[in-house]
Structures are given as structure tokens and as C-alpha cells.
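Hello,

Here is the structure I promised to pass on. Please have a look, then read my notes below.

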Amino acid sequence: MKIYTKTGDQGTTALFGGTRVPKHHIRIESYGSVDELNAQIGLIKDQDIDQDTKQDLFAIQHHLFTLGAELATDPQKAQLKNGKERLAIKKVNDQEISFLEERIDQMNERLPQMTHFILPGGHTTVSYCHIARCVCRRAERMAAALNELEPFDPSILSYLNRLSDYLFVLARKLTNDLGVDEIKWIPKKDEN
């Protein structure tokens, strides 16, 4: 497989289905942010964390690849002439969203109650979770903007929203697992 095609040298790229769009198109920004999120999750997965979490992150990476493929598909060409879907793979749906919710609930059961907002930090692995959470929120914002222009399956936005929650709770879980303190945000009182 040849890595460089030179077809994007003029600032355009092809969607799944062949339609060419500018590389700054909101659809490209949407699935590009999902791709960046997937890389960030790979970074978390490569840390010294428990195997169950690594397996969950591996599953999430697969979900994100599917979600990115859905976003990369030109809606005008999503269906082939024979009536079949161009993207003939299992799509992200309620099952993947439930997977995240179950994991969030399982982690939350073992964590102390939150009493303050939490500042990112305390350990590199925890910080990686917060960076991934922020990238996830950006991907969600970009996808929401795209959805206003070209609506798509609502499960995509639900999944991204739930995934950012998962990443926040994962940061708390790993803080606990690693034996470090959560950094609480305690605002200073105005002395005027």
C-alpha cells in the first residue's frame, strides 16, 4: 500500500465515497478530532495501568475508529446504487453507549464522593486522561456543528458525550489507583 498519493497536495481530501472537500471542512475537523482522541487514548492505554482498563480502552479505540468512519462518509453517497450501505460495518449504537455507562458506574462505586471541582494533574497518567477528555469535548463540539449542517445518527453525539464523562471518571480512578491526591480547585475569596 502506497502511503503518499499526492492527491491532497492542493489542500483537499476525499471522503468515504470519493467526494473531495477542503481539508479544513467541518467534516474533516470532526473526524480528525476523533482520530486525535483515539491517539490520546492509545497514550493512556500504554501507561502502567490495570489490564481491565487497558482492555476497555482498546475497545473504545475500536468504537472511535468506527465512529470516525461514520463521520468520514459522504451522506450523499452513504448508500450504494444497489441499495446497500457503503459503510458495511457495525455502527456505534446504544450498546457501545451502555458499555461506557456501565464502566463509569463501576468506577464511580469505588471512588470517594466529589466535594470540589478537580484540577487536571497529580500524575502524568491522570493528566493524559484529562487531555483526552478535552480532545473528546472538542470532537463533540465539532460533530455537533457538523450535525446542524448535515444530520447524522444521534448515537455519535451521545457516544462522544458519554466518553468525555468516562475519561473524567477514569482520571479519578487512576488518581486513586496510583495513590496520588486529587488536586481540588478551591477559589480564593475576593478580598474587596
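In α4, the buried residues include Thr-125, Val-126, Cys-129, His-130, Arg-133, Cys-136 and Glu-140. Buried means under 20% relative accessible area, exposed over 50%, partly exposed in between (1.4 Å probe, protein chains only). The buried residues of α4 pack against α1 (26–45), α2 (51–71) and α5 (154–177). Helices (H or I, at least four residues) and strands (E, at least two) are DSSP runs, numbered from the N terminus.

Two notes on the source. This is a predicted model: local features need pLDDT of at least 70, side-chain atom pairs count only at pLDDT 80 or more, and totals for chains, interfaces and linings use all residues. Residues are numbered from 1 along each chain as its sequence is written, and side-chain values use heavy atoms, with hydrogens and water left out.

Next, helix α5. Ser-164 sits in this helix. Ser-164 is buried, at 1% relative accessible area. Beyond neighbours within four places in sequence, Ser-164 contacts (heavy atoms within 4.5 Å) Arg-133, Cys-136, Arg-137 and Glu-140.

Now the salt bridges (a side-chain nitrogen of Lys or Arg within 4 Å of a carboxyl oxygen of Asp or Glu). The whole structure has 11. One of them joins Asp-50 and Lys-173, at 2.8 Å from N to O. Asp-50 is in the loop between α1 and α2 and Lys-173 is in helix α5, so this pair ties together parts 123 residues apart in sequence. Asp-50 is partly exposed at 28%; Lys-173 is buried at 15%.

Asp-165 and Arg-137 form another salt bridge, at 3.5 Å from N to O. This pair links helix α5 to helix α4, 28 residues apart.

Best wishes
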